[in-house]
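I set out to look up the pockets and the salt bridges of this structure. My entries follow the order in which I looked.

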Amino acid sequence: MRFKKQILSILALGCAVGIAACSIVPNSEMSQSMQMQSMTAGSMQSEEATKSADANDAGMAKETPQSNFYKYINEKWLSETRIPEGQSSVDNFSELQLKTDTDIREMIGKLQEDYANLEEGSSEKKLIDLYNMAKDFETRNQLGMDPIRDYVEEIRSIRDMDGFRASVARLYSKGVVSDIPFIIDNDVKNSSVMALYLNKPELGISKKNFEGSDEFAKKQQEAFKKLMQEIFVWSGNSEGEAMKKAESVFELEKQLASVM
């Protein structure tokens with residue numbers, strides 16, 4: 001009991017000192033303190049009002065995470081982002097790709113300016129040589145099918161599945177991909193062994209346009225046939241043969257589209 005009384009006495013003394021300390025603050029100092037607090041609160045309110053106005057002016061998200069999380073996170077991006085010219089859509093990945101392409105073009109441009117000073121056999125010089133060769137459409141058009149004629153003849157010589165498998169293996173080793181895509185990866189049921197996976201072939205135009213009958217779909221179909229015909233002419237076929245083969249390719253892909 002005596003110990004508790006001592007504790008209560010100390011607490012009472014502390015309260016008394018605190019009250020006394022508060023009571024001896026001069027009125028002028030108290031007034032200044034209150035004024036400072038009022039100014040600080042007013043300044044904070046003003047800043048918040050300014051931020052709110054700026055946010056509204058900038059079209060920032062007015063939603064809360066609870067009311068519409070998607071809009072709260074993406075409203076600024078949705079309001080400011082525009083689909084680039086020549087593109088059908090845009091997202092974070094395509095924006096990154098466009099930025100990467102721009103950076104690469106700038107890098108290549110600087111290397112081209114300094115081409116005379118590039119070391120023979122260096123990676124930089126090889127890169128510019130390859131780039132210049134790839135964009136030399138005049139020479140490419142003059143060469144026509146000659147650079148790939150051996151590949152075309154090999155494909156034409158296929159007569160059975162054994163020949164197809166052998167040809168696909170040889171061409172794949174040279175970077176020529178089969179119309180039936182395949183990859184070798186871990187078996188999904190037994191990761192300790194490798195398995196062969198076949199994928200569906202890519203269509204020349206979308207499934208919707210192969211099956212569509214509206215004006216846009218018909219234009220897409222005719223453009224596809226025209227392209228196929230030009231390719232067959234370039235590979236040495238007559239106009240008549242090229243037209244028949246183009247129709248055959250179109251019908252084949254249309255059948256594939258029907259089961260995809």
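The entries below take the basis of the model, then the pockets, then the salt bridges.

**Basis.** I worked from a predicted model, in which local features need pLDDT of at least 70 and side-chain atom pairs count only at pLDDT 80 or more, while totals for chains, interfaces and linings use all residues. Residues are numbered from 1 along each chain as its sequence is written, and side-chain values use heavy atoms, with hydrogens and water left out.

**Largest pocket.** I took a pocket as an open set of points, on a 1 Å grid over the protein atoms alone, where a 1.4 Å probe fits, with protein on both sides within 12 Å along at least five of seven lines; lining residues have an atom within 4 Å of a point. A volume is the space filled by probe spheres set on the points, which are joined across faces, edges and corners. I noted about 1,600 Å³ for the largest pocket. Its lining has 40 residues, and I155, D179, I231, F232 and V249 lie nearest the centre. Helices are DSSP runs of H or I with at least four residues, and strands are runs of E with at least two, numbered from the N terminus. I found that α11 gives the largest share of this lining, 6 residues. I counted 26 nonpolar, 8 polar and 6 charged lining residues, with Ala, Val, Leu, Ile, Met, Phe, Trp, Tyr, Cys and Pro as nonpolar, Asp, Glu, Lys and Arg as charged, and the others, Gly among them, as polar.

**Second largest pocket.** I recorded a volume of about 190 Å³ here. The lining residues include M161, F164, R165 and L198. Both α8 and β2 (194-198) give two or more residues to this lining, and α8 has the largest share with 5.

**Salt bridges.** K99 and D103 form one of them, at 3.1 Å from N to O. Both residues belong to α4 (residues 92-113) and are 4 residues apart, about one turn of the helix. K99 is exposed at 51% relative accessible area, whereas D103 is partly exposed at 36%; buried means under 20%, exposed over 50% and partly exposed in between, with a 1.4 Å probe and protein chains only. In α7, R156 and E153 are 3 residues apart, and their closest N and O atoms are 3.2 Å apart in a salt bridge.

Definitions and conventions: A salt bridge is a side-chain nitrogen of Lys or Arg within 4 Å of a carboxyl oxygen of Asp or Glu.
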